[in-house]
Amino acid sequence: MPQFGNDSLKTRRTLDVGGKQYDYYSLAAASEGGLGDLTRLPFSLKVLLENLLRWEDGRTVTTSDVKAVAAWLVDRSSDREIAFRPARVLMQDFTGVPAVVDLAAMRDAMVASGADPAKINPLVPVDLVIDHSVMVDAFGNNQAFGLNVEVEFERNRERYEFLRWGQSAFDNFRVVPPGTGICHQVNLEYLAQVVWTGTDGDRVVAYPDTLVGTDSHTTMVNGLSVLGWGVGGIEAEAAMLGQPISMLIPQVVGFKLTGQMREGNTATDLVLTVTQMLRKKGVVGKFVEFFGPGLDHLTLADQATIANMAPEYGATCGFFPISRATVDYLRFSGRDPERVALVEAYAKAQGLWRDAQTPDPVFSDTIELDLATVEPSLAGPKRPQDRVPLSRAASAFADYLKAERGGTEKRSTPVDGANYSLTDGDVVIAAITSCTNTSNPSVLIGAGLLARNARRAGLGVKPWVKTSFAPGSQVVTDYMQAAGLQADLDALGFNLVGYGCTTCIGNSGPLPEPIAKAIEKGDLVASAVLSGNRNFEGRIHPQTRANYLASPPLVVAYALAGSMAVDLLNDPLGTGEEGQPVFLRDIWPTNKDIQATMNAVLTPEMFRSRYADVFRGDQVWQDLEAPTGETYAWAQASTYVRHPTFFEEGPEGGFADVIGARPLALLGDSVTTDHISPAGAIKKDSPAGRYLMEHGVVPADFNSYGSRRGNHEVMMRGTFANIRIRNEMAPGTEGGVTRHMPDGAVMSIYDASMLYQADGVPLIVIAGAEYGTGSSRDWAAKGTRLLGVSAVVAESFERIHRSNLIGMGILPLQFKAGTSRKTLGIDGSETFDVTGLGGEIKPMMEVTLTLHRAGGSSEAVPLVCRIDTLDEIEYYRNSGILQYVLRRLAKAA
């Protein structure tokens, strides 16, 4: 494959930066060459346009594709399918381990077909950051970090040895060892370059840094003007192997920011407001690009916080253009001065630079926010878009409790061995966590100053609160210690527990046993407050039913107050040493104090020293005994890493009607990928728990579903096994339960699937709106396929999960407006036919769903087949994208 395309439009030019020559594909030359004035094309689409210019080869990218992006300015939308080639791929270990498992299995398949296994190798740089495995087992003391790291290696040694094999077996594949940071923060602070370079013969070519990542929050780097978004592992694997990302030229929603934030408000308050606004507007499958004078009052870290939560507001990305803030951040974070100079020169040459004089782009649609209207906020108790003003947080929790219980009376249960009781609403987890906020020094310094002020006022954390501090970068530790603020956080129990995702992904660890028993005994609605980006049901901890996202300072404040029932704006947080009530306003730090502390302690040297040898790891990592060889020696007894069944030789698949299908599950709105494929704890009495015990694993060593993603046997048993999922086929139940039809027996979804498959009965899943929202996890599609599901019928799909379903050979089918499982009266006793798939297949074609009711009547309704592009048709025809790529590589060899 050539490094770049044919340059039929003759746009290649040379840029001199400090005496060094760089070739680049000039948007100005393209404009002069017939594409017309591109000045007001959204910055994000300019990046896509450059990508097409660079890869135009007359085959995968044509001049017509290039012209279609330029023509977007006319209608501000397009139905043109294009092939996007990212510069690199970013992974984390929960999604990275199954991706490397797939690549290893594909090498085996190449050997079986007589082809060269080395053909299965990344063609673009891949970085995998191990950040998802550390759990908060120990907390509240100075030994917590060391103990958690020790347990992490004990639990995950086999997985880590497997990744060490991958690091040596594949070219272009680097692993950032555990204990370094969170992938998105490491990407922001070190890996991302804004402008990438590659060689073409003896020439150096400069082009925009772009990527896809196997984590939905890959969008965080959009705040650094790097275009990228989350994809499923299967799509990322295909991109590694040279398959372009097939996509439609997107609509771009412009988000205009004006004014500036008021004293005391945080970037977290802002992003929760943006998330609420955009989720209400509806931006699924669209780019969002931020513009307006308000950008001049945001830091780069603020931009990264906003970009991070693009999955929560539903957009493909949340893009910020290159500006002075970008270049200043690169310099501040210790990037190579030569690269910093290239970024500025390239951006200005390409029309990718934004300043106060830059004309606003044109957009498909716009929305506007005055930053001065943002107010202190949380989001919860179950979804990140459900913003609650801090002024209403206590009353909103009371409303939630009433809805949960059907009454207003709060329950209370004594805690064994303690002189206090636990009550509905009590905060049992307070976690400063997640790349969303720990990448932003202002909110962490703010949390530290609030902790200092609280100590001076004589306040302490309530004894039932499990506190933790898990920053996304070791740099955070350096500046918090330099400011003397880590000691203040330590005094309140917010000791360092690890450098990783922890509570945000459900790795919150066990609650102290007396607290856990009190919650269970009293059936209490316990709360968690975390500085994360997601709070879906069953995600944070099995025993916290109300989970709230908040800024790090508010996390500390709620740990002091100890309950969601406390009105933080009007009620005291506690009583000081002299008996005086202490209010939040008494200890909240000023913006001036926060900025002064940042100016005093943060230095580029902190970044340079921490990232100088980032791939080396500690001695424990270096001493791991990793296998060697081009192909992996699978251990038959392993319960972590097993050879998957996806690449066993079989028919190429294809389009065929589905006849006589039974519904495996009937689900409501906003079913998340956490509901479909949980990442957290494995229950002893679940199908996955029984499998592990049958294979000699004791419950104490179960680890999590996320850590077991290299074993398809565990993961298919865990599909639809979230403890909070509700299947309408089995009313009154919670968890992975269904009714096997036609006998109506209630059983686990896994057990029902095995019975149906043994009888040769095809299966479908029926759901409401926003199906597959949340994480990018491909196991939500892989597990669905292994359960024998042929199609998912929903009112709407989230972008990544729809793509993942096709990537695994599952049909995503969408009800037309006004039709749903409710309007059709579906109860799960029906059988279903999906017809119209036997003839010519076109993107987004209409098919027919026929319901055959138990009483004998039938009803036919039209559906939209959400195979949206021509490439996706070929992926489905081959039973999935990886099978498609594998067959092409094997034939070429």
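Two strands pair if DSSP finds at least two bridges between them. Helices (H or I, at least four residues) and strands (E, at least two) are DSSP runs, numbered from the N terminus. The legends below describe a predicted model, in which local features need pLDDT of at least 70 and side-chain atom pairs count only at pLDDT 80 or more, while totals for chains, interfaces and linings use all residues. Residues are numbered from 1 along each chain as its sequence is written, and side-chain values use heavy atoms, with hydrogens and water left out.

**View A. Strands S32, S33 and S34 and their pairing.** Here S32 (residues 831–835) runs antiparallel to S33 (residues 846–852), with five bridges joining them. Look for Val834, whose bridge partner in S33 is Leu849. S33 also pairs in the antiparallel sense with S34 (residues 858–865), this time over seven bridges. In that pairing, Leu851 has Glu859 of S34 as its bridge partner. Five residues lie between the strands of the S33 and S34 hairpin, where Gly856 takes a positive phi near 110°.

**View B. Helices H2 and H3 in contact.** The axes of H2 (residues 43–55) and H3 (residues 63–75) come within 9 Å and cross at roughly 165°; axes are lines fitted to C-alpha atoms, for helices over the stretch in contact, and angles run from 0 to 180 degrees between N-to-C directions. H2 and H3 are therefore roughly antiparallel, a term for angles over 145 degrees. From H2, Leu45, Leu49, Leu52 and Leu53 meet Asp65, Val66, Val69 and Trp72 of H3, with contact meaning heavy atoms within 4.5 Å. Those contact residues divide into seven nonpolar, no polar and one charged; Ala, Val, Leu, Ile, Met, Phe, Trp, Tyr, Cys and Pro count as nonpolar, Asp, Glu, Lys and Arg as charged, and the others, Gly among them, as polar.

**View C. Cis peptide bonds at Pro381 and Pro742.** Gly380 and Pro381 are joined by a cis peptide bond with omega of about 10°. Pro381 sits in the loop between S16 (377–379) and S17 (387–389).

**View D. Positive phi at Phe720 and Ser879.** Phe720, in the loop between H26 (712–718) and S27, has a phi near 60°. Ser879 has a positive phi of about 70° although it is not a glycine. Ser879 lies in the loop between H30 (870–877) and H31 (881–892) and is buried, with a relative accessible area of 17%.

Terms used. Buried < 20%, exposed > 50% of the residue type's maximum accessible area, 1.4 Å probe, protein only. Parallel < 35°, antiparallel > 145°, perpendicular 65-115°, else oblique.
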